[in-house]
Amino acid sequence: MDLFDLRGEIAFVTGAGSGIGQRIAVGLAEAGADVACVDLPGSAGLAVTVGQIEALGRRALAIEGNVTRAADMEAAVAATERDLGALSVAVNSAGIANAAPAEELSLEQWQRVMQVNVDGVFLSCQAQARVMLPRRRGSIVNIASMSGSIVNRGLLQAHYNSSKAAVIHLSKSLAMEWSDRGLRVNCISPGYTLTPMNLRPEVAEQRKIFERDTPIGRMATVDEMVGPAVFLSSKAASFCTGVDLIVDGGFVCW
Ligand SMILES: NC(=O)c1ccc[n+]([C@@H]2O[C@H](COP(=O)([O-])OP(=O)(O)OC[C@H]3O[C@@H](n4cnc5c(N)ncnc54)[C@H](O)[C@@H]3O)[C@@H](O)[C@H]2O)c1
């Protein structure tokens, strides 16, 4: 369908070397976009993502960079524009998670999660908007989490939950600043999703709880994040900005 067609769009995905970001990068290419794939230096997954996109007949670019460094994000956007063309679609998926009881959580651990999940999304959006706003055309989708709206029972991650609430409100704030300048900003809030992080054998018991607590009765696959990302990035969502699209199998209803 033309509404969801991303042919001619130049996309930029952070966290594209693994999990949700990797699958969305390939998904945007399936919908027709050429894609710059950004992840930490040494990310083995980046080459895999690029290979999958090129196999679809789309152009791809592997870019090593750290989302917490403004200069890296500026350079990544510049490389994208130089090698692929005018950036028009961005998905910011880079993020980290860990757990500790709040009363024992060190300031360093708190700040590290905030740095990657909040500063990183802000710096990515800023670099992307600086080239999109003058052209008055673009879409940014930030990957937040249902943990930005609810508190996951049994998971001690006050820092992570707070960082994702910040991503949701940052996305809405940027959407309002840029709404009359042709740039839409939305976020996707996944529920429990089968990514490398959640496939480790030591999380097997936790996975059973995730499945039980999700109304649809299972965890999401990364494939199920593609439709929402393509939708928000496409003409189909031309009147959507400031949306937090919760993709959680019904979790937040309970
Ligand atoms: N898996 C889930 O259940 C789930 C649920 C809700 C939200 N999310 C969010 O989805 C996003 C992707 O998570 P995932 O499960 O695919 O994790 P993942 O670990 O598989 O992928 C995250 C990617 O981000 C990259 N990254 C981390 N720090 C970075 C930095 N400083 N600069 C550049 N890249 C960096 C990692 O190298 C990795 O490739 C995260 O923001 C996460 O919080 C995940």
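**Close-up views of a predicted model**

**View 1. Strand β5, helix α5 (residues 158-178) and strand β6 form a right-handed β-α-β unit.** A crossover is called right-handed if, with the strands pointing away from the viewer, the path from the first strand over the helix to the second runs clockwise. Helices (H or I, at least four residues) and strands (E, at least two) are DSSP runs, numbered from the N terminus. This is a predicted model, in which local features need pLDDT of at least 70 and side-chain atom pairs count only at pLDDT 80 or more, while totals for chains, interfaces and linings use all residues. Residues are numbered from 1 along each chain as its sequence is written. β5 and β6 pair in the parallel sense through 6 bridges; two strands pair if DSSP finds at least two bridges between them. Across this pairing, Asn142 stands opposite Cys187 in β6.

**View 2. Strand β5 is mostly covered, with 6 of its 6 residues buried.** A residue is buried if 20 or more other C-beta atoms lie within 10 Å of its own, exposed if 12 or fewer, and partly exposed in between, with C-beta atoms placed from the backbone. In a regular strand the side chains alternate between the two faces of the sheet. Gly138, Ile140 and Asn142 point one way from β5, Ser139, Val141 and Ile143 point the other way, and all are buried. β4 also pairs with β5 in the parallel sense, over 4 bridges, and Ala90 has Ile140 of β5 as its bridge partner. β4, α4 and β5 make a right-handed β-α-β unit.

**View 3. Strand β2 (residues 34-39) is largely enclosed by the rest of the structure, because 6 of its 6 residues are buried.** Asp34, Ala36 and Val38 are buried on one side, and Val35, Cys37 and Asp39 on the other. Strand β1 (residues 10-14) runs parallel to β2 and is joined to it by 5 bridges, with Val13 opposite Cys37. The chain passes from β1 through α1 to β2 in a right-handed β-α-β crossover. β2 is also joined by 5 bridges to strand β3 (residues 60-64), again in parallel, and Asp39 has Glu64 of β3 as its bridge partner. From β2 the chain crosses through helix α2 (residues 45-55) to β3, and this β-α-β crossover is right-handed.

**View 4. Leu28 is one of the residues that touch the most other members of the largest nonpolar core, which has 64 residues.** Such a core is a set of buried Ala, Val, Leu, Ile, Met, Phe, Trp, Tyr and Cys residues joined through C-beta atoms within 7 Å. Residues up to four places away in sequence aside, Leu28 touches residues including Ala11, Val35, Ala229 and Val230; two residues are in contact if their C-beta atoms, placed from the backbone, lie within 7 Å. In helix α8 (residues 226-233), Pro228, Ala229, Val230, Leu232 and Ser233 are buried. Their cover includes α1, β4, β5 (138-143), β6 (183-190) and β7 (244-247).

**View 5. Ala86 lies in the loop between α3 (70-83) and β4 (89-92).** Ala86 counts as partly exposed because it has 14 C-beta neighbours inside 10 Å. Leaving aside neighbours within four places in sequence, Ala86 is in contact with Ile10, Glu81 and Arg135.
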